[in-house]
Amino acid sequence: MKPILSRQELLSSISFCVIVPTYNNHKTLKRVLDSILDFTSDIIIVNDGSTDETPEILKQYSQLTQIHHPKNLGKGRALRNGFRKAIEQNFEYAVTIDSDGQHFPSDIPVFLEEIHNQPNSLLIGSRNMTQENVPRKSSFGNKFSNFWFKFETGIKLEDTQSGFRLYPLKLIPKRFCTNKFEFEIEVIVRSAWKGIPVKNVPVQVLYDPAERVSHFRPFQDFTRISILNTVLVTNALLYIKPRDFFRRAKKKGFKRFFLEDILESNDSNFKKSAAIALGIFIGLSPFWGFQTVLLFTFAALFRLNKVIAYLTSNVSFPPFIPFIIYASLQVGSVFVSSNAPLVLDSSITLDDIQKNATQYIVGSLILASVSALTVGLISYLLLTAFSSKNETNI
């Protein structure tokens, strides 16, 4: 545990600036800037094409670094340009705070104290979303975002949408594909994927309906956020989770990883065998192209061991696929008649399979179900016997 520093020691010992993106928040902008100046004069203001009195207000702060967009480019672009300027000025961290007055700059030391104890983290201010005047759509949107962030990264947070944050500038990803509100989701997900610790710190919040101006457009922005989450989930399932799995296995050693994380995990024998059954079912099912997505979705839903499920789903390893298709067609032929029965030889074509699509789908689902139940039951019996033998040896 590092020594506790006074507020002044914190402010002087950490290389940080404050980035303030602003767009048509003239009612609260001056109050926010004056409050930040109580802690630091290293402020970068990004005026994102404001059309109100913002330019006139900012003339009073000519001593501060200012970036002016000729037109509104979106919060994500404002933050990215603020990050770029902060890096040019050699700051190590950047605190971002919205200019709508909902956050209290007096909480800046909360971020600095946490980063003093846990350097190189990305910190997000956690607001009390149950207090009075919190818009219902904000509370729902936050829960929605929290759910997908956990699914994509495995990290549970109480607040993923707060704009009051601290970023480790030299560690966060350099490239992004979003420019609007959804950028704040993309940056924390991609940072977590890089191995940067992402944490919440408690902050105060004020929702004043008379002053606060929200630029969130429910339909357009929610649609963009949904598209982004679709991309992130797909990337997580097809690349990030398998990558992390092999990294953990390689780091620990595959033999030790298999023994400790699979055979001797804290899961019950029933849950282990259920994970095996799930993997077998998904691996043999006719959901080609969606198998990994479905696998991790159901494993998360039923809280099953994702590693075991992923390993056993590889029953559909490419060299085995022709045999799986043939077996599915044979099983399906018992229940669905076909005028063009298939024979597994070099003459088989894709057109032959398409003519027997119903037979294949029905057969593969039956084959997947029976195989999953059979392998799951055998696995349960073997795991139980293995556990009993270990207990006897002890």
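## A tour of the charged spots

Start by selecting K150, K156, R303 and K306, which gather in a patch of positive charge on the surface. Here Lys and Arg count as positive and Asp and Glu as negative, while His and the chain ends are not counted. A patch takes residues with over 30% relative accessible area and no salt bridge, and joins like charges within 9 Å. The place of a charge is NZ of Lys, CZ of Arg, CG of Asp or CD of Glu.

Before you click on, know that this is a predicted model, where local features need pLDDT of at least 70, side-chain atom pairs count only at pLDDT 80 or more, and totals for chains, interfaces and linings use all residues. Residues are numbered from 1 along each chain as its sequence is written, and side-chain values use heavy atoms, with hydrogens and water left out.

Now zoom in on K150, found in helix α6 (residues 136-153). Helices (H or I, at least four residues) and strands (E, at least two) are DSSP runs, numbered from the N terminus. K150 is partly exposed, at 44% relative accessible area. Buried means under 20%, exposed over 50%, and partly exposed in between (1.4 Å probe, protein chains only).

Next up: salt bridges, meaning a side-chain nitrogen of Lys or Arg within 4 Å of a carboxyl oxygen of Asp or Glu. Side chains of opposite charge can pair when their charged atoms come close. By this rule, the count is 9.

Select R127 and D159: their side chains meet in a salt bridge, 2.7 Å from N to O. This pair links distant parts of the chain, with R127 in the loop between β5 (122-126) and α6, and D159 in the loop between α6 and β6 (165-168), 32 residues apart. Both R127 and D159 are buried.

Hop to R224 and E182, another salt bridge, with the closest N and O atoms 3.4 Å apart. R224 lies in helix α8 (residues 218-252) and E182 in the loop between β6 and α7 (183-193), so the pair ties together parts 42 residues apart in sequence.

Then pick E56 and K59, a salt bridge whose closest N and O atoms are 3.2 Å apart. K59 counts as exposed, at 57% relative accessibility. Follow that with K75, D98 and E184, linked in a network of salt bridges.

Finally, zoom out: the protein chain has 15 helices and 7 strands, and buried residues make up 45% of its 394 residues.

Technical notes: Patch = residues over 30% accessible without salt bridge, like charges linked within 9 Å, V, L, I, M, F, W, Y side chains within 5 Å. Areas by Shrake-Rupley, 256 points an atom, 1.4 Å probe, with all protein chains shown as cover.
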